[in-house]
Amino acid sequence: MIFSSTMFLFRFLPIFFILYFGAPLRMKNIILLLGSLFFYAWGEPQYVLLLLILIVSDYCHGRFMGRSKRKSTRLFLLCTSLLISVSVFSFFRYIDAMPLGMCFYLFQSMSYIIDCYRGKVKVQTNLLDYAMYVSLFVQMPAGPIVKYAEVEKQLRERKPDVVQISHGCSRFIVGLAKKVLLANQLGLLWADIYARDFGELTVLAAWLGILAFGLQIYFDFSGFADMAIGLSACLGFVFPENFRYPYIATSVSDFWCRWNMTLTGWLREYVYLPLGGKKKGVPRRILNICIVWVLIGIWHGTGLRFLVWGLWFAFWVVLEKLFLKRLLRRLPNWFDNVYTLFIVCMGWVVLGIPQWQDTVGYFEAMFGQNGAGWYNRETFYLLLEYLVLFVAAVIGATPLMQQIAARLSRSVTGFGIAQYRVLEKLVLSLLLILSIVYLAGSDYQPFLYFWH
């Protein structure tokens, strides 16, 4: 069960909201915990017990840590808790069968234990509240990663108002439209091109395919993040943003400051900085960057291609830190953006094509080395067929529409602002209706960001 399914939209969510908002305040966390466990058990019931064991384990480690004054004992508890989490993560990565959401709830539980050890948060004494934080269904499928310190007070002190709920619903609809109307349709184009003989792909078709794949990943993942942030707002939580228009980035470093920001922020706080960051000289800084990117590759999946994909970005991030970024600043902004998109697209080829011989074949097609030429009539028709979708996707991947909406909302007053609000709700209603129509008429629901 995922957010963009009719089962979730028309069965689970209405029933859950009726129970949650109808329950007294003291019961809301229990309803949320039970709803989260049911959501998780719907597709993978065999892993619910594992989730509960990990929750109890980290809760007990935190309680013992809070009671101990000896640094050595606290360090031992920290190490054993992290060892359990890392071992579970490594095991499921090794067998290539990662349960849905495990990456996120393990990272969240680790942030709690580390911050308890550092003294940055108070030890959670209520097992139900801690279990609810770790298993919260709204961020389980695709994040964002929410550190305990960010929601510590909200676990008990939250009361959504009409404005927050309205904003949450709007954000959810936008995320649903990203997933259903853009990501899924771009996925059809990528599936079409991927199914062809790479030796016969024209240059235009190959680039069209990898651009579709890159945009599909973006709208797939950011759409789920928007839905998670919207649902959390309806429940009274404030979740961190996970994307900030990465495709307008002017460097590879900037791209990864905008893409999956909670993951890169987590690794920066709990891995890169503890290793010394950039304070221990250039060689150590390069090593720290490589370690972080190896972890990012492993986080995404098993196999050599994920490691190569991570090290590919590590290589360019290191070059930018050493000298390349200073060079890019002297060039026009459009060149910086083109350079970034080129490097990112090369990375998407490695990530999106499992077999190395196929990866090489696709690179050959992209650079005209397979003898198929730059374009043909079939490629031209394919471009025309998906042109409107591509234009919509490119506009949606930039802050253009957000800027236009913000300018309009600031430029009108009185009756004008009322008209603007009505128009806003009409657009959201149209997006919701179109999304539901597409969902009812298609069972194509790829979820790219979980490669296992």
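The structure is a predicted model. The patch covers about 890 Å². Its members are F380, Y381, L384, L387, V391, I395, L400, M401, I404 and L408. Two elements each give two or more residues to the patch: α16 and α17, the latter spanning 400–411. F380 is located in helix α16.

Helix α16 also packs against helix α8. Two packed helices are described by the angle between their axes and the distance between the axes. Here, α8 covers residues 162–194 and α16 covers residues 377–396. Their axes come within 10 Å and cross at roughly 145°. The crossing of α8 and α16 is left-handed. On the α8 side, the contact is made by L181, L182, Q185, L186, L188, L189, D192 and I193. These meet L382, Y386, L389, F390, A392 and A393 in α16. By class, the contact of α8 with α16 has twelve nonpolar residues, one polar residue and one charged residue.

Charged pairs were also searched for. The whole structure holds eleven salt bridges. One of the salt bridges joins K120 to E269, with the closest N and O atoms 3.0 Å apart. This pair links distant parts of the chain, its residues being 149 residues apart. K120 sits in the loop between α5 (102–118) and α6 (127–135). E269 belongs to helix α11, residues 261–272.

Conventions: Residues numbered from 1 in each chain as written. Predicted model: local features only at pLDDT ≥ 70, side-chain atom pairs only at ≥ 80, totals over all residues. Heavy atoms only, no water. Axes fitted to C-alpha atoms, helices over the stretch in contact; angles between N-to-C directions. Helix = DSSP H or I, 4+ residues; strand = E, 2+ residues; numbered from the N terminus. Left-handed = near helix turned anticlockwise from the far one by under 90°. Contact = heavy atoms within 4.5 Å. Nonpolar A, V, L, I, M, F, W, Y, C, P; charged D, E, K, R; others polar. Patch = residues over 30% accessible without salt bridge, like charges linked within 9 Å, V, L, I, M, F, W, Y side chains within 5 Å. Areas by Shrake-Rupley, 256 points an atom, 1.4 Å probe, with all protein chains shown as cover. Salt bridge = Lys/Arg side-chain N within 4 Å of Asp/Glu carboxyl O.
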